[in-house]
Structure formats: structure tokens, C-alpha cells
Amino acid sequence: MTFRTLTKHLHKDSNTLAHIFQTYAQSKQLSKGKQLHAQLITSGYPSSTYLHNHLLSMYGRCGQLGYAHKLFDEMPQRNLVSWTAMISGFSQNSDVIQACSFLKSVQTGKQIHCLALKVGFSYELFVGSNLADMYSKCGSIVEACMVFEEMPFKDEVSWNSMIDGYAKNGYYEDALAAFRKMLIDDVAIDQYLLCSALSACGSFKAYNLGRCLHTFVSANIVSYTSLIDGYVESDQIEKALTVFIKLTRQRIEPNEYTYSSLIKACANHATLEQGSQFHALVLKYKLDQDPFVSSTIVDMYGKCGLLDHSIQAFKTISNANEYAWNSMIGVFAHHGLGHEAIDVFNRMVVQNLKPNAVTFINLLNACSHSGLLNEGLSYFNLMETIYGIKPRSEHYACVIDLLGRVGKLEEAENFINEMPFEPNAYAWCSFLASCRKYGDKERGRLAAESLKRVDPENSGAHVLLSNIYAKEQQWDDVRSVRKTMKDENVKKLPGYSWVDVDNKVHVFGAEDWCHPHKKEIDVKLDSLLGKIIEAGYVPDIESVPLDLDDDMKVKVLHRHSERMAIAYALIRLPIGKPIIVKKNIRVCVDCHSAIKLISKVEGRNIILRDNSRFHHFVDGSCSCNDFW
């Protein structure tokens, strides 16, 4: 619009000008509307509430709430239409708040919240619901709760935002408490509310309430997926698979959330065959580009030991979001590849994706498992100063593990003493394990006592302390610790390993084990022992924390569960297929040395996942470079 045209408008009456602003609002011609508004101001055109209301409406429709708010504040007189225009502006721009939720832009959301507070619309139902939803989706559950509590009226949408926010941020008990309060307030329950509550029931293991709620849910993909997700979160993978079979028989088509939950379960249990089948279904239904599905596929292959498959799955994602990048960093961390994890992190930052708390947990773990002390400490210090992420207990635990693994026990102790809160059980376990590795009895005793205080049922405190004494051959102290365990009814976690052969999981334990092919396994174990001795194997009898003679210790080592699983896999799996064995506790030093030699004398790739990380054994060497 030219200046001359604008000038002509100034001679028109308010009705004509109002019509022009209304036209600009409907056609979203914001720049023309702002130019005309500026000309009205500079020309001294007499203002009126009527004309201001049309300006409010235009700015609101064009998403310029800041302009609308400023104009609203400067109006000498307001009427019902003025307030309605502002309310309508916020209503129409709730998608702005929703965009903040989608982009995880909590700072922009806070600015909109401040604007709503100034105008007095934060208590409006639609604004409050969207603000609470935005905060919960950005992980700011405290702020979400404050907004929710201040709302004078709440409907089923606002309740669902809060309950879903609690559940997705891990506050399952709060989610169920909110659901009960909602029932007391006699709020109508819809399918979405029931599904959110069902998911919380599964995660919190509130099975009775979950079964009760499930009777009210109609059979659709949303309800079935919530039920599957609940079973997955409560580690009941077989029940989750049963529900999946049931919904497919009813010809209900699974969606991306269904598959992401099921693939997540396969990742947690390292069930490669089932995970691969779900991946095939994802490809069939063209869901492989969904951000949640693709990230769980990356994670699943990584946790099943197939690093190359995980990397390939990541490369096929066209627009990877922070979930996929975090998954890839986590996979490299789990496989002890610190430099590769750092490289992925750097690429993530270059892509202008903001790291979150999970990113740094994975990154710190990667540095810890690779002995990258300086890099790990640097990233920990950058978390808050550069990325605005306040370290949580998990991050502090990673640093304790990082320092302990490289033998910096004094520095780890000083770090613990300077922490703003008590270390969690994982932190004390890590510190205690490091004390065992480096034979520090005094700090080990301190760590064991602290671990028993924060987690009385954790047998690791007694077992690791006993192992420290055994390493020094202080057998009286070993017996004393074991007596304490017996008196306190503390059970040592038995070590066992398992391997998938012929679509069946075969479990092996070091004590009282039985198997249909036991004799063949024994023969194979004896054969392997002879071969690796010829290759230079020397038993590390210190790996047996028992007061036995040396010959008996060698026999004990020879029957560790991971060796039995490997022996069986060598018998049954075809040459060329990698052997993937899982173990529930840390692999001992002796077995690690033995498996390296087994991979050499048998010419087989062996992948071992213990409770800490993956080991890839190839031709007599391990991917961890003997640092784990």
C-alpha cells in the first residue's frame, strides 16, 4: 500500500477503517494492517474504543499477542468487546503454546505465560490447559502443576494434560493421585484420560486399579497401546505381546506408539528375533520415519549387540530428532565407544538440536567406559554453563564412576563430599566397585556402609566388600561379611547367562545348572580349556573370592555361566553367525581373558553383554581394550 493510498484511508470514517482492519485480519495481511495503524497514530487520527477493538482482533488473528497486549494496556476505555477480542486472541493462538510444546521451547512458552498473566487470561480454561500441557511436555512438571492448581475451573482436557504430563515425566504416583482427585471432583472421564491412567498404573505397578480401569476402556488402538505400554514399563513383556496378538486378531491396526512400546520392550530384554520382526512390520506399514519408532529401533539393535545394524538404522532417518540422536549416543556408550559418542554429540549440536539431560547421561557414560576423564569432566561442567541443564543425581553418579574407573579414588571421594545432595545407590555401587578394582579397603568400607544406608536391600554392598577382603586374602573378614549377610537375610544375586538358539532362550547358571545337552557342553568346555591353554591362557585365580585351593578355583572359573553359554552356542550355531551372550552381572577378569582366546582359537566373533556394557571379542582381542 502506498503512502497516498494510506492517506486516503485517513479521511474515511471509523466504520470504513474498521472494515479495512477486518479484511486485513481475515486475509492475514499483517504488514498492511501495521502500516495503516502507524499512519493513524502519526496523523493524530482520533482514537475510539470501537476502532481499537478491531485492531485488537486483527493483531490477535495474526498471532501478534504482544502488539494486542500493548494496545489493550494503552486503551483509555475498554468494553466487553475489548475483553472478548483479547480472549479470542489467546484462544486462536493456543497453537502458539502448542508449538512451544512440540519444539520443547519452554523459554518462549514462559514469555507467553507472562503475557497471559499481565492481561489476566492465564486463568482462562483454554489458556491454562495449554500452558499446563506445554510445561509438562517440556519436562517442567513443577511449573505445570502450579498453573494447573491456580486454574479456578478444570475440565477433562485440563485434567488429561496434567495426568498425562505426570505419567510421561515419571511421576506415576502423582498421576494416579490426580486421577483419584478428578473422580472426587466428578469430572467426566473420556478414553484419553483412562489411557493415561492405565499407562501410569502399569508403570507404578498398580495392577488392581489398572484391571479395574481396563473394564471401562473400549477396545481401540489407543486403549490397547496404553495397556501394552503399561506392561512394558512394568517389565512384563510376555503380557505386552499377548495384548498385541489380541488386537491384531481383532483386526485393529497398530500405530507408531504401539510399535515404539513393543520395540522398546525388545530392547530392554535384548530379544533380537522379536525386535527384528517388529522392525519388519514397521517398514511394511511405512512407520520407520516416525521419530519415536526410529529412535527405539536404533536403541533396540544397539542393546541386542548389533552395532552395525544400529548405525545403519540411524543413517536411514531423514530428519533425526533429539530422541534418535540420544539413542545413537547411548548405543555407542553401551558399547564403550567414547570417541564415537562424542562425534555424534558434536554432529547433533551442529544440527541445532539442543541436548537434554538424557544426552549428557549417555555422553558421560560413554566417556566413563572409555577412560576419557578430561572430556567427561569438561562435558559435566558445560551442562549448566553452556546448555542450561542443571545436573541431576544421575549425572553426578556418572562422574563418580568416571573418576573411579581410572583410579582417581581420592578425587572421587572429594567430589562426593562436595555434592549438593546424597549420592544415589548407583553412585555408591560404582565407587565401591572401583575401590575393589584398586584394592582400597578403607574407602571401600565407607562406600559399602553408605550403600547399605541408601539401599538396604542391595546385596552389592556386602558382595563387593567381601571381594575386596578376598583379594587381600583376609578370609576372616570375608566370613564376617557373609555371616552378616546371612543374619540380615541378604541374598547374593546369582550370576547367570543366556543365549538365543533356535528361537529359544537358553539360560545357564554357575550353580545347580541343568540342560538337555549338558554332556556335550561339558565336553566342549574341556576342549576349549585345552585349546586356550595352548594359546597362552593362565587362570586368574583372584577372580574367585573364595577360600579354596588353586585347583578348585580353576574348576570354578571353568564353569562360569558365560563360558557354558558360549560353549553351547559354538555347538549349535552355524559358522559365520556371531555369538551373542547376555550376562546379568559384570564379567570377571578371568572370563574376559578366556573369551578373547576362545574367539581366536575358534575363529568366531563373540559378543558379550554384561550388566555394564558390551564386549566384542574378535581374533583374540576385545573392543574394550581391557578397560571396563
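In this predicted model, the axes of helix α19 (residues 291-303) and helix α20 (residues 307-315) come within 7 Å and cross at roughly 170 degrees. That crossing makes α19 roughly antiparallel to α20, because angles over 145 degrees are given that description. This briefing begins with that helix pair, continues with other helices and a loop residue, and ends with a sheet.

**The pair α19 and α20**

- Two packed helices are described by the angle between their axes and by the distance between those axes.
- On the α19 side, the contact is made by Ile297, Val298, Tyr301 and Gly302.
- On the α20 side, the residues in contact are His309, Ser310, Ala313 and Phe314.
- Sorted by class, the contact of α19 with α20 has 5 nonpolar residues, 3 polar residues and no charged residues.

**His279 in helix α18**

- His279 lies in helix α18, which covers residues 272-284.
- His279 counts as buried because its relative accessibility is 16%, and the limit for buried is under 20%.
- When neighbours within four places in sequence are left aside, His279 is in contact with Ile297 and Tyr301.
- Ile297 and Tyr301 also belong to the α19 side of the contact with α20.

**Helix α11**

- Helix α11 comprises residues 156-168, 13 residues in total.
- From its first C-alpha to its last, α11 reaches 18 Å, close to the 18 Å expected at 1.5 Å a residue.
- Helix α11 is mostly covered, with 10 of its 13 residues buried.
- Among the buried residues of α11 are Trp159, Met162, Ile163 and Tyr166, and also Asp164 and Asn160.
- Gly170 follows α11 and has a positive phi, near 90 degrees.

**Gln250 in a loop**

- Gln250 is found in the loop between α16 (237-249) and α17 (256-269).
- With a relative accessible area of 38%, Gln250 is partly exposed.
- Gln250 and Asn220 are 30 residues apart in sequence, and their C-alpha atoms are 9.7 Å apart in space.

- An open sheet of 6 strands has the order β2-β1-β3-β4-β5-β6, and its pairing is mixed.
- Strands β2 (504-509) and β6 (621-622) stand at the edges with a single partner strand each, so one side of each has no neighbour in the sheet.
- Helix α34 (residues 589-602) lies across β4 (606-609), β5 (614-618) and β6, and runs at about 40 degrees to β5.

**The sheet: pairing of strands**

- Strands of a sheet pair through backbone hydrogen bonds, in either a parallel or an antiparallel sense.
- Strand β1 (residues 496-501) pairs with β2 in the antiparallel sense over 6 bridges.
- Within this pairing, Tyr496 stands opposite Gly509 in β2.
- Strand β1 also pairs with β3 in the antiparallel sense, over 3 bridges, and Ser497 stands opposite Lys583 in β3.
- By contrast, β3 and β4 pair in the parallel sense over 4 bridges, and Ile580 stands opposite Ile607 in β4.

**The sheet: burial of β3**

- In a regular strand, the side chains alternate between the two faces of the sheet.
- Strand β3 (residues 579-583) is mostly covered, with 5 of its 5 residues buried.
- Both faces of β3 are covered: Ile579, Val581 and Lys583 are buried on one side, and Ile580 and Lys582 are buried on the other.

Note on methods:
Residues numbered from 1 in each chain as written. Predicted model: local features only at pLDDT ≥ 70, side-chain atom pairs only at ≥ 80, totals over all residues. Heavy atoms only, no water. Pairing = 2+ DSSP bridges. Helix = DSSP H or I, 4+ residues; strand = E, 2+ residues; numbered from the N terminus. Contact = heavy atoms within 4.5 Å. Axes fitted to C-alpha atoms, helices over the stretch in contact; angles between N-to-C directions. Parallel < 35°, antiparallel > 145°, perpendicular 65-115°, else oblique. Nonpolar A, V, L, I, M, F, W, Y, C, P; charged D, E, K, R; others polar. Buried < 20%, exposed > 50% of the residue type's maximum accessible area, 1.4 Å probe, protein only. Expected span 1.5 Å × (residues − 1).
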